[in-house]
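Look over the sequence and the model first, then read on.

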Amino acid sequence: MDDNKPKLKKDLPHVEIPPFITVRQLADVLKVEPAKIIKQLMRKGIMANINQSIDFETASTTATDFGYVTKAAKEPKALPSRKDKGKGKLSVRPPVVTVMGHVDHGKTTLLDIIRKTNVAAREVGAITQHIGAYQALVDGRKITFLDTPGHEAFTVMRGRGAQATDIVILVVAADDGVMPQTVEAINHAKAAKVPIVVAINKIDKPDANPERIKQQLTDLGLVVEEWGGDTVCVPISAKQAQGISDLLENLFLVADILELKANSEIAAEGVIIEAKLDKTKGPLATFLVQKGTLRPGDVVVAGGTWGKIKAMFDDKGKQVRKTEPSIPVEVLGLNEVAKSGDLFIVLPDEHEARSIVEKQKSSRPHTTLSLSALSSQISDGQLKELNIVLKTDVEGSIEPIKSSIEKLGTEKAKARVIHAASGSITESDVLLASASKGIIIGFNTPTSPGATQLANIERVGIQQYDVIYKLIEDVDKTLKGMLEPIYAEVLSGRAEVRAVFPSSKLGKIAGVYVMEGRVWRDAQVKILRRNKVIGDSRVSSLKRFKEDVAEVSTGLECGLGIEGTVDFQIGDIIEFYRTERTG
């Protein structure tokens with residue numbers, strides 16, 4: 001028998017590999033040392049550490065190198081779906097309300113006055129503790145307020161699959177009018193399809209002009225009831241406690257129209273409002289139950305962690321024995337700190353909870369969205385609407401671009417600009433695009449470093465244009481499912497120039513400190529001075545202590561040379577990119 005005869009494919013061992021897997025997990029699956037996996041990846045030009053996640057294609061070719069046949073494992077769901085049992089047992093639940101608006105327009109004052117006058121089951125001497133939400137009792141009816149910071153938290157929750165809010169109160173100052181954050185809040189609420197109740201605040205001020213506010217709101221598509229629209233609008237003075245009862249009464253009217261109901265006789269499900277690590281109690285999380293009843297002793301999966309509930313406390317710090325829909329409680333018993341906006345669900349036992357969390361940690365929920373990726377989804381019939389966050393250099397560019405985009409479309413799909421504003425692309429824009437499963441388009445405008453990092457984490461595509469017709473052409477091709485695959489630059493590291501040295505070969509060598517990510521030889525780089533790009537090139541040399549190295553990680557110093565002539569200055573920022581196919 002010839003032992004050197006190559007094995008047939010059917011004789012080779014078979015393994016299943018998830019969409020994303022860490023180097024350590026792949027080594028376990030292939031029954032080899034992690035170091036061997038790392039070396040094999042290096043031969044492919046991939047620098048990965050033992051805990052780094054690699055995609056299916058990379059893992060599959062590596063497994064083939066070790067004599068395995070691979071197939072894709074089904075990606076686990078974040079949480080198992082659970083249908084309500086006993087449909088006839090639905091009962092009315094309290095509305096959940098989030099307050100939004102521009103800074104200094106009175107959001108905090110409004111929440112404070114409601115809390116002081118209408119806190120549910122108010123007790124003398126009770127100490128109110130901040131758990132991110134609280135309940136008020138108005139004329140015998142309960143209402144829950146999410147005391148979270150603004151529309152970003154609201155959108156983070158929606159981006160993770162949680163529609164935690166039933167109604168949004170939009171606070172607009174009568175003496176100031178609609179401001180940029182007001183517009184953002186409106187667009188975030190509209191994207192979530194959540195009804196908006198407008199509270200025109202500060203009507204006690206001498207220069208208050210409620211009629212001007214109503215006109216501004218109409219221009220943004222919120223026509224108030226007295227002008228023939230369907231947007232509830234209530235004049236108030238939070239500082240003087242005027243109009244508060246009218247506002248609350250209108251909230252209940254909107255809630256009655258929505259017919260908010262839930263089944264309280266099933267295993268609990270809901271969303272995490274806040275999470276933190278307490279020095280004495282350990283991981284704490286505020287749960288907002290959306291269906292079912294939660295009790296101490298329940299085993300829960302909460303995002304990427306799990307635990308058995310030891311105790312629950314309301315917003316006054318009082319221990320409670322059960323929690324029904326729309327009631328917020330602080331929960332003790334999770335193994336790790338959860339993330340705000342994550343979903344939670346009660347499971348039958350600890351074994352199942354642990355298994356679900358382990359499967360989640362070995363996979364990544366979605367791939368980067370881009371125009372070409374979305375074009376493919378439209379072509380396959382998976383997508384009917386293209387959501388776009390549009391940012392431009394000046395206000396005058398918004399309307400022509402927006403109107404041109406919204407005229408496009410076919411029977412397959414339409415384009416919808418869910419938010420448009422001038423200025424740089426921010427983290428708030430990324431959150432809105434992520435939650436809406438959309439894309440950000442920039443026209444002659446920069447992207448903030450924080451937005452770039454968050455876009456990498458949230459897998460949101462940012463596409464920049466400097467010619468309007470090219471922007472419109474790409475959106476048109478996307479909607480027709482005809483846009484060709486494109487490649488994008490993905491930020492992988494940033495370094496600051498701390499020293500500059502002359503070099504006979506390279507002109508100047510930069511002594512840099514790696515601020516984040518990693519830097520490597522042959523990387524594409526951009527040199528920024530005072531946030532403006534002054535150079536675009538490639539790393540030609542990389543040294544540490546006069547030794548040539550392949551890469552340098554965060555927190556270390558190194559010297560690097562760039563192809564071409566670059567007049568480095570101390571304080572310059574160098575950004576390192578890799579090119580990645582986005583669709």
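Is Ala241 buried, partly exposed or exposed? Ala241 counts as partly exposed because its relative accessibility is 42%; buried means under 20% relative accessible area, exposed over 50%, and partly exposed in between, with a 1.4 Å probe and protein chains only. This is a predicted model, in which local features need pLDDT of at least 70, side-chain atom pairs count only at pLDDT 80 or more, and totals for chains, interfaces and linings use all residues. Residues are numbered from 1 along each chain as its sequence is written, and side-chain values use heavy atoms, with hydrogens and water left out.

**Overall make-up**
- The protein has 14 helices and 31 strands. Both are DSSP runs numbered from the N terminus: helices are H or I with at least four residues, strands are E with at least two.
- Of the 583 residues in the protein, 48% are buried.
- Among contacts with a separation of 6 or more, 71% join residues 24 or more positions apart. Contact means heavy atoms within 4.5 Å.

**Positive phi in two loops**
- Ala241 has a phi near 60°, a positive value in a residue other than glycine. Ala241 lies in the loop between strand S11 (232–235) and helix H8 (244–258).
- Arg530 is also not glycine, and its phi is positive, near 55°. The loop between strand S26 (524–529) and strand S27 (532–544) holds Arg530.
- Arg530 counts as exposed, because its relative accessibility is 72%.

**Nonpolar cores**
- The largest nonpolar core has 28 residues. Such a core is a set of buried Ala, Val, Leu, Ile, Met, Phe, Trp, Tyr and Cys residues joined through side-chain atoms within 4.5 Å.
- Residues with the most contacts inside this core include Leu110, Phe145 and Leu251.
- Elements that each supply at least two of its residues include helix H4 (107–118), strand S9 (167–173), S11 and H8. H8 gives the most, with seven residues.
- A second, separate core has 23 residues, among them Leu371, Leu408, Ala420 and Leu471.

**A helix pair**
- The axes of helix H11 (residues 398–407) and helix H14 (residues 468–479) come within 10 Å and cross at roughly 25°. Axes are lines fitted to C-alpha atoms, for helices over the stretch in contact, and angles run from 0 to 180 degrees between N-to-C directions.
- H11 and H14 are therefore roughly parallel to each other, a term for angles under 35 degrees.
- H11 contributes Ile401, Ser404 and Ile405 to the contact, and H14 contributes Ile468, Leu471, Ile472 and Val475.

Notes:
Angles under 35 degrees count as roughly parallel, over 145 as roughly antiparallel, 65 to 115 as roughly perpendicular and the rest as oblique.
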